[in-house]
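I opened this notebook page to record what I looked up in one structure, residue by residue. The entries below follow the order in which I went through it.

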Amino acid sequence: MSLLKSPSGEPVIRTVDLEKTYQMGAVRVDALRGVSITINPGELTTIMGPSGSGKSTLMHLMGCLDTPSGGSILIDGESTARMRESQLARMRNRKIGFVFQQFNLLNRTSILENVAAPLLYAGVSLAKRKKLAVQALERVGLADRVHHKPNELSGGQKQRAAIARAIVTQPSLLLADEPTGALDSKTGHQILELFQDLNRQGLTVVMVTHDPEVGAMTRRTITIRDGLIESDIGPAGGVQP
Ligand SMILES: Nc1ncnc2c1ncn2[C@@H]1O[C@H](COP(=O)(O)OP(=O)(O)O)[C@@H](O)[C@H]1O
Ligand SMILES: [Mg+2]
């Protein structure tokens, strides 16, 4: 199966006039104020912008980890607007991999079990879970750490394990929110090369970064400021770099 083509022939994800407002007591924060983005299959996109500009909010909405206050999200052409929480959870599990700055691994269980966990929720048999988890760990260069626990790994290895967990279900979209933010620059660079490798193999990747050098590594860069798109440069954005 080619990962380059989404099954529906639609963009992998599309947001239309996306809005998110947080209400904290009397304080209202308009974190996103109408963000429209189309991500096509096979793209590698970075999202940049100052702290507090709405990057994480956007990633959480695209990953169906939170629901918008306005606008809509289409994943493989399918609107999430009317989905119940159980449907959203299934959508997340099948179509989206998420990588966090702080890895979010379960410290008590082995790397293999951490990576296999999304398959458990997807109802995959034990034997197949193990096989697919080992394959994912091989793809990120961590096949020799299968039985280690997260706290027995370096930061870079933890992030590799978290990436294996994110790709084990063969999602159509990999979202990463400052995936190198907790790593030193050399290790961070290796992780970025891994994202580039995975993208060359057909995976669609969107990642948030603070680092302008990282932005320069990808063909498309979207800049967000105060909850709005400031610029969108590269393939689907229409302006070629
Ligand atoms: N759960 C939340 N509750 C209230 N306000 C929030 C919440 N998450 C984010 N915000 C606010 O929304 C704005 C955007 O935050 P965020 O999306 O985390 O920005 P970034 O990732 O670009 O730093 C900020 O002003 C932040 O304080
Ligand atoms: Mg953030």
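**Charged pairs**

I began with a pair whose side chains form a salt bridge, Asp-144 and Arg-145, with N to O at 3.2 Å; I took a salt bridge to be a side-chain nitrogen of Lys or Arg within 4 Å of a carboxyl oxygen of Asp or Glu. I note here that the model is predicted, that local features need pLDDT of at least 70 and side-chain atom pairs pLDDT 80 or more, while totals for chains, interfaces and linings use all residues. I also note that residues are numbered from 1 along each chain as its sequence is written, that chains are lettered from A and ligands numbered from 1 in the order in which they are written, and that side-chain values use heavy atoms, with hydrogens and water left out.

For burial I used relative accessible area, with buried under 20%, exposed over 50% and partly exposed in between (1.4 Å probe, protein chains only). On that scale Asp-144 is exposed at 53%, whereas Arg-145 is partly exposed at 24%.

I counted nine salt bridges in the structure. One of them joins the side chains of Asp-66 and Lys-20, N to O at 3.4 Å. This pair links distant parts of the chain, 46 residues apart, with Asp-66 in the loop between H1 and strand E4 (70–75) and Lys-20 in strand E1; helices (H or I, at least four residues) and strands (E, at least two) are DSSP runs numbered from the N terminus. Asp-66 is partly exposed at 30% relative accessibility, but Lys-20 is buried at 9%.

I then looked at Asp-232 and Arg-220, whose side chains meet in a salt bridge at 2.8 Å, N to O. Here too distant parts of the chain are linked, Asp-232 lying in strand E10 (residues 228–233) and Arg-220 in strand E9 (residues 220–225), 12 residues apart. Asp-232 is buried, with a relative accessible area of 18%, and Arg-220 is buried at 1%. Through shared partners, salt bridges join Glu-43, Arg-220 and Asp-232 into one network.

**Thr-15**

Next I looked up Thr-15, which sits in strand E1 and is buried at 1% relative accessible area. Its side chain reaches the backbone oxygen of Val-35 at 2.8 Å, which I list as a polar contact (a pair of N or O atoms within 3.5 Å; within protein, one must be able to donate a hydrogen and the other to accept it, and residues adjacent in sequence count only if both atoms are side-chain atoms). Beyond its neighbours within four places in sequence, Thr-15 is in contact (heavy atoms within 4.5 Å) with Val-35, Ser-36, Ile-37, Met-62 and Ser-72.

**Ligand 1**

Which residues are around ligand 1? I found Tyr-22, Met-24, Val-29, Ala-31, Pro-50, Ser-51, Gly-52, Ser-53, Gly-54, Lys-55, Ser-56 and Thr-57, each with a heavy atom within 4 Å of the ligand. Oxygen atoms of ligand 1 lie 3.2 Å from a backbone N or O atom of Ser-53, 3.1 Å from a polar backbone atom of Gly-54 and 2.9 Å from a backbone N or O atom of Ser-56. The elements that give two or more residues to this shell are strand E1 (13–24), strand E2 (27–39) and helix H1 (55–62), and the largest share, three residues, comes from H1.
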